[in-house]
Amino acid sequence: MNDGAGAATPARKSKVRATLKGRQPKPQARAEVRQMLGDAPRRRDLLIEFLHRIQDRYGALSDGHLVALAAEMGLAMTEVYEVATFYHHFDVVKDGAAAPPAVTVRVCDSLSCELAGAKALLDKLPKLLGKDVRVLHAPCIGRCEQAPAATVHQHPVPHATVEKIQALVKARDLSHPAARDRATFAPESFIEPLDTPGPGSTVSPAYVGYDTYRKAGGYRLIAECLAGAHDAEALIQKMEHSGLRGLGGAGFPTGRKWRIVRAEAQPKVAALNIDEGEPGTFKDRVYLERDPHRFLEGMLIAAWAAQAGACYIYLRDEYHGCRALLERELARLKADPPCALPVIELRRGAGAYICGEESAMIESIEGKRGMPRLRPPYVAQVGLFGYPTLEHNFETVYWVRDILEKGPEWFAGFGRNGRKGLRSFSVSGRVKKPGMHLASAGITVRELIDEYCGGMLDGHRFYAYLPGGASGGILPATMADIPLDFDTLNQHGCLIGSAAVVILSDQDRATDAARNLLAFFKEESCGQCTPCRVGTAKALALMQQPKWDAPLLQELSQAMMDASICGLGQAAPNPILCVTKYFGHEIS
Ligand SMILES: Cc1cc2nc3c(=O)[nH]c(=O)nc-3n(C[C@H](O)[C@H](O)[C@H](O)COP(=O)(O)O)c2cc1C
Ligand code: SF4
Ligand code: FES
């Protein structure tokens with residue numbers, strides 16, 4: 001199944017009509033769309049890729065182009081339109097209406113960036129940059145350790161200031177340095193050194209390209225697997241013994257997931273999740289920028305063990321540098337393969353947090369709106385294109401090679417306070433050294449701050465922390481000695497999720513943080529179910545009152561947790577409930 005036409009390619013239903021209904025495309029728009037699509041197959045699942053091509057070329061999606069694209073792909077106009085309008089990064093404009101300004105500046109105003117002054121940037125920039133530049137607020141762009149973070153078109157601006165943004169706009173320096181010039185692509189020039197003291201520091205050195213990775217024994221393991229030197233059952237047992245659990249947030253045991261998918265009938269596929277949208281999380285980007293092949297080999301081994309014949313990698317649109325890097329490294333891998341490769345496709349998100357949820361991601365890869373599916377059936381049974389799907393977070397498969405080569409005991413040998421394994425903590429907020437800190441599972445936040453983060457920022461006293469990003473709740477500093485791991489926080493109404501730890505100080509308020517998080521959830525709710533769509537909006541409105549109506553918020557939270565389809569609506573009340581439970585002094 002490595003020719004792109006194997007059993008795991010999309011099971012398409014032909015929707016081509018003999019004559020088109022509704023609006024007819026104009027010849028010029030049709031010709032332009034045809035030119036952009038070239039000889040690419042007009043597959044439904046490529047719809048979002050095609051929308052990107054048009055948006056990249058024309059700066060917006062005009063009605064005329066959408067009609068032409070629908071005709072070209074044999075889709076109803078509504079199918080194209082509903083997808084185009086679902087994603088934040090697509091600008092749909094009426095024919096004849098002005099396209100948005102050529103330059104868009106996005107300033108992240110999720111929690112860590114708000115703490116670092118994003119609001120002031122958002123206030124000042126529109127006036128200073130003028131009419132030709134559009135300034136938008138954006139949800140977390142995965143650079144929380146560089147807060148406040150912004151992008152000028154596709155150029156990331158770490159530690160953003162008005163001056164830095166003005167300079168990039170003036171120079172029309174709009175692409176990620178890594179993506180600008182493919183010929184002189186040098187990833188080592190744009191990654192910052194990874195300063196991760198502690199037990200696992202050697203696993204992530206400076207940038208490792210294809211040649212270096214292979215020279216150091218990379219891809220030997222997958223080649224051996226394919227040559228029959230390893231038994232899949234034995235490998236799955238090793239994964240089970242390592243105790244590795246899904247690092248996308250849900251913590252499902254990895255070995256068990258492989259076993260479940262392996263037991264399903266062929267054909268099967270693998271879907272890799274690099275959506276990394278949970279505010280506070282940036283660990284996948286940090287590893288991907290440094291060691292992409294460790295991830296790719298882990299993916300190939302996982303797919304081999306589960307007998308998945310194709311791998312679809314879903315990368316968030318905000319990671320333009322990572323996309324350039326992955327495209328480059330995948331091309332190298334395919335040009336000089338160490339073994340037979342399955343179909344590997346890289347897909348580009350379009351700005352929607354909900355597409356990190358596994359079934360929404362699958363919908364998005366299929367070229368649709370990212371709306372979570374009802375379960376059962378689970379994606380392991382009926383997933384991408386209707387096939388049983390092994391779905392994994394980037395970091396989960398990143399560890400596969402190390403675990404299998406060094407042994408499950410190596411991974412399980414780390415751990416503190418009674419817990420086992422390693423965790424990649426994305427730490428941001430009021431600490432001296434924010435960043436991705438690889439530490440033992442079970443470390444407490446107090447230990448993390450003191451041993452890894454250089455302590456609190458000068459002038460700040462530790463007040464509260466988020467143990468697991470926007471969804472994981474908020475705890476007071478008095479509860480700083482809980483081991484951080486799966487299962488240890490549930491009894492306190494919290495979750496570790498993707499291990500995104502945000503530190504608040506005495507200069508912050510938990511209520512302000514909770515309001516920021518609810519504003520995020522309200523904006524990112526896909527709108528499919530009422531408790532989440534209406535509940536997030538209603539909760540935010542209540543939280544904006546000078547005095548919180550705690551009983552009403554409690555009732556609303558319960559309804560959202562009980563009746564929402566997916567984890568977004570179920571976890572959105574966590575910050576509210578934590579504030580009422582632990583920070584009563586702020587709302588009374
Ligand atoms: C609202 C929501 C957003 C999510 N976002 C991500 C994400 O950005 N990346 C990710 O890997 N998992 C995310 N997840 C978890 C996935 O649904 C899924 O559990 C995970 O990707 C499975 O892979 P794993 O077992 O390797 O963790 C999200 C879940 C929810 C409910
Ligand atoms: S809970 Fe929210 S995000 Fe999830 S499906 Fe329902 S409306 Fe969409
Ligand atoms: S980049 Fe701003 S909060 Fe993550």
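**Close-up views of the predicted model**

Helices (H or I, at least four residues) and strands (E, at least two) are DSSP runs, numbered from the N terminus.

**Notes for all views.** Residues are numbered from 1 along each chain as its sequence is written, while chains are lettered from A and ligands numbered from 1 in the order in which they are written. This is a predicted model, in which local features need pLDDT of at least 70, side-chain atom pairs count only at pLDDT 80 or more, and totals for chains, interfaces and linings use all residues.

**Strand E8 inside the protein.** All 6 of the 6 residues of strand E8 (residues 310-315) are buried, so the strand is largely enclosed by the rest of the structure. A residue is buried if 20 or more other C-beta atoms lie within 10 Å of its own, exposed if 12 or fewer, and partly exposed in between, with C-beta atoms placed from the backbone. Ala310, Tyr312 and Tyr314 point one way from E8, and Cys311, Ile313 and Leu315 point the other way.

**The strands beside E8.** Strand E7 (residues 269-274) pairs with E8 in the parallel sense over 5 bridges. Two strands pair if DSSP finds at least two bridges between them. In this pairing, Ala271 stands opposite Tyr312 in E8. Strand E9 (residues 343-348) and E8 also pair in the parallel sense, over 6 bridges. Here Ile313 has Leu346 in E9 as its bridge partner.

**Leu235 in helix H11.** Leu235 lies in helix H11 (residues 232-242). Leu235 counts as buried because 21 other C-beta atoms lie within 10 Å. Leaving out residues up to four places away in sequence, Leu235 touches His230, Ala305 and Leu404. Two residues are in contact if their C-beta atoms, placed from the backbone, lie within 7 Å. Ala303 is 68 residues apart from Leu235 along the chain, and the C-alpha atoms of the two are separated by 12 Å.

The bond from Ala147 to Pro148 is cis, with omega near -5°. Pro148 belongs to the loop between strand E4 (133-138) and strand E5 (150-152). A cis bond also joins Gln266 and Pro267, where omega is about -5°. Pro267 is found in the loop between helix H12 (254-262) and E7.

**Two residues with positive phi.** His153, a residue other than glycine, has a positive phi near 55°. His153 sits in the loop between E5 and strand E6 (155-157). With 19 other C-beta atoms within 10 Å, His153 is partly exposed. Asp487 has a positive phi near 75°, again in a residue other than glycine. The loop that holds Asp487 runs between strand E14 (475-476) and strand E15 (500-505). Asp487 counts as exposed because it has 12 C-beta neighbours inside 10 Å.

**The whole protein, for orientation.** The protein has 26 helices and 15 strands. Of its 588 residues, 51% count as buried. The C-alpha atoms fill a box of roughly 65 × 60 × 50 Å, taken along the principal axes. Among contacts with a separation of 6 or more, 72% are between residues 24 or more positions apart.
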